[in-house]
Amino acid sequence: MTNTVVAAIDQGTTSTRCILFDRSGRIVALDQREHDQIFPQPGWVEHDALQIWQRTQDVVVGALAKAGLSASDVASVGITNQRETVVIWEKDSGRPISNAVVWQDTRSAALCAKLARDGGQYRFQNTVGLPLATYFSGPKIRWLLDNVPGARKRAARGELLFGTIDTWLVWNLTGRHVTDVTNASRTMLMNLQTLDWDPAMLKALGVPRAMLPEIRSSSEVYGEARIDALRGVPVAGILGDQQAALFGQACYKVGEAKNTYGTGCFMLLNTGTQPVISKNGLLTTLGYKLGDAPAVYALEGSIAIAGALVQWLRDNLGLIAKSDDVEALAATVADNGGIYFVPAFSGLYAPHWDDSARGIIAGLTRYVNRGHIARAALEATAFQTREVLDAMNKDSGVKLKALKVDGGMVRNEALMQFQSDVLNVSVTRPVIAETTALGAAYAAGLAVGYWRNQIELRANWQALKSWTPQMTAKTRTALYAGWQKAVQRTKGWTS
């Protein structure tokens, strides 16, 4: 057999997976390994980049073994990744100079505040589409260069390389130092119009161009894999995880949107071949770019904590034994008992962008029990999504009527119904819920002719289940008003 499957490496915030897909977009095999979450001090979040690379190799071997396949059966490899997470490593040895600084990390808050004093939080928005925030890669790079001994001088001499996780994996797989437009658009360093590193941004953030990867499209052959399990297989697709989900959900037309419920929660709306600069707290980002075709842009609403809140209930409070238990616990109560859980653990992301906010549970009384806390934790994801959708409707001028959803939390039936109720739109889950990995596979498969075009990809998409609103307008309005009141209590906590 040859070219039986396309492999997708899905390197996420808490785990790494390799999924093998066939031509119909169905999963042939999957392997997954978690990696360590490192919290050196409040607000700091790190990963071990070498451990991530080892996990990547492990899951590739594992998936191929489960399918009984070898490298000769793989047409190409696509990569999708946790975005904004920063790795800096030695060019000669390949050793990272520190742990990876994760997208949730807030250590660069002082730098962002300093930069915002001259021109405000949105001073660079027209160039890069992003507000000044700890979320993005550029301030994290600057922090490492300023705080790891000798790093800045070594970077200026060309001894160090920077990459988001996609770049780190491609470099280890192929020896090529590249990224794609979607990941580059999350650094605060890429110009939205030129799709290249912007000299003024590099100067403002103090990042030497010599350490940056070449920016390429999302679907092309970057090089051949050199590890034994994939030796000679083209690495041919790169998409940041949320853009990969947009692509995997077949949101190829202007106005089509998806929401991914993972560690965080991320809604993307396809806005076509021209960037739309948000006036309502959203991000202007690259949706995807296929080879030489024009780039497709998107508006994004980014929520830092969604599934991570369920993990927090499990790991920090011991409220549940495993993440899936949260649905049953929440079902023990009829409503949230009057409480709201705002998980601003890393500040508030879209549409507020307040690094100084911190999480709260508001409205506590002695009536409240474990079930109410679990229910409020799930509802927090739906309420945050409502905030993003409201902003998206204002920016786009188009009222969204339906939402495609994916990610681990969409298995939670109660959450999906509540999401439909709070948004007052239908919510649809596809047959293949692993749309992030599927999007990366699609990009890699298109580059080598495994799939011919996007028409073929759209034909693969099938709905599995839909939810429609059941809540009265009065109840919806009252619940959302309570949420908005709770959000205001979180703001300015550390300022």
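## Salt bridges, rings and a helix: worked exercises

The side chains of Arg83 and Asp241 meet in a salt bridge, at 3.2 Å from N to O. A salt bridge here is a side-chain nitrogen of Lys or Arg within 4 Å of a carboxyl oxygen of Asp or Glu. Before you start: this is a predicted model, where local features need pLDDT of at least 70, side-chain atom pairs count only at pLDDT 80 or more, and totals for chains, interfaces and linings use all residues. Residues are numbered from 1 along each chain as its sequence is written, and side-chain values use heavy atoms, with hydrogens and water left out.

**Exercise 1.** Work out which parts of the chain the Arg83 and Asp241 pair ties together.

*Solution.* 
- Step 1: Arg83 is in the loop between strand S5 (74-81) and S6, while Asp241 is in helix H9 (residues 241-248), so the pair ties together parts 158 residues apart in sequence. Helices (H or I, at least four residues) and strands (E, at least two) are DSSP runs, numbered from the N terminus.
- Step 2: check burial. Arg83 and Asp241 are both buried. Buried means under 20% relative accessible area, exposed over 50%, and partly exposed in between (1.4 Å probe, protein chains only).

**Exercise 2.** Find the salt-bridge partner of Glu84, then the network that holds the pair.

*Solution.* 
- Step 1: Glu84 meets Arg186, side chain to side chain, at 2.7 Å from N to O.
- Step 2: Glu84 sits in the loop between S5 and S6, and Arg186 in the loop between helix H7 (181-184) and H8, 102 residues apart. Glu84 and Arg186 are buried.
- Step 3: Being four residues apart in helix H4, they are separated by about one helical turn. Asp146 counts as partly exposed at 45% relative accessibility, and Arg142 as buried at 19%.
- Step 4: back to the network. Salt bridges with shared partners join Arg83, Glu84, Arg186, Asp241 and Glu300. The whole structure has 30 salt bridges.

**Exercise 3.** Decide whether the Trp89 and Trp171 pair is stacked or tilted.

*Solution.* 
- Step 1: get the rule. Rings of Phe, Tyr and Trp (its six-membered ring) pair if their centres lie within 6.5 Å; planes under 30 degrees apart count as stacked, over 60 as edge-to-face and the rest as tilted. A search of the whole structure turns up 21 aromatic pairs.
- Step 2: the Trp89 and Trp171 centres are 5.5 Å apart with planes at 55°, so this pair is tilted.
- Step 3: Trp89 belongs to strand S6 (residues 87-90) and Trp171 to helix H6 (residues 165-174), so parts 82 residues apart in sequence are tied together. Both Trp89 and Trp171 are buried.
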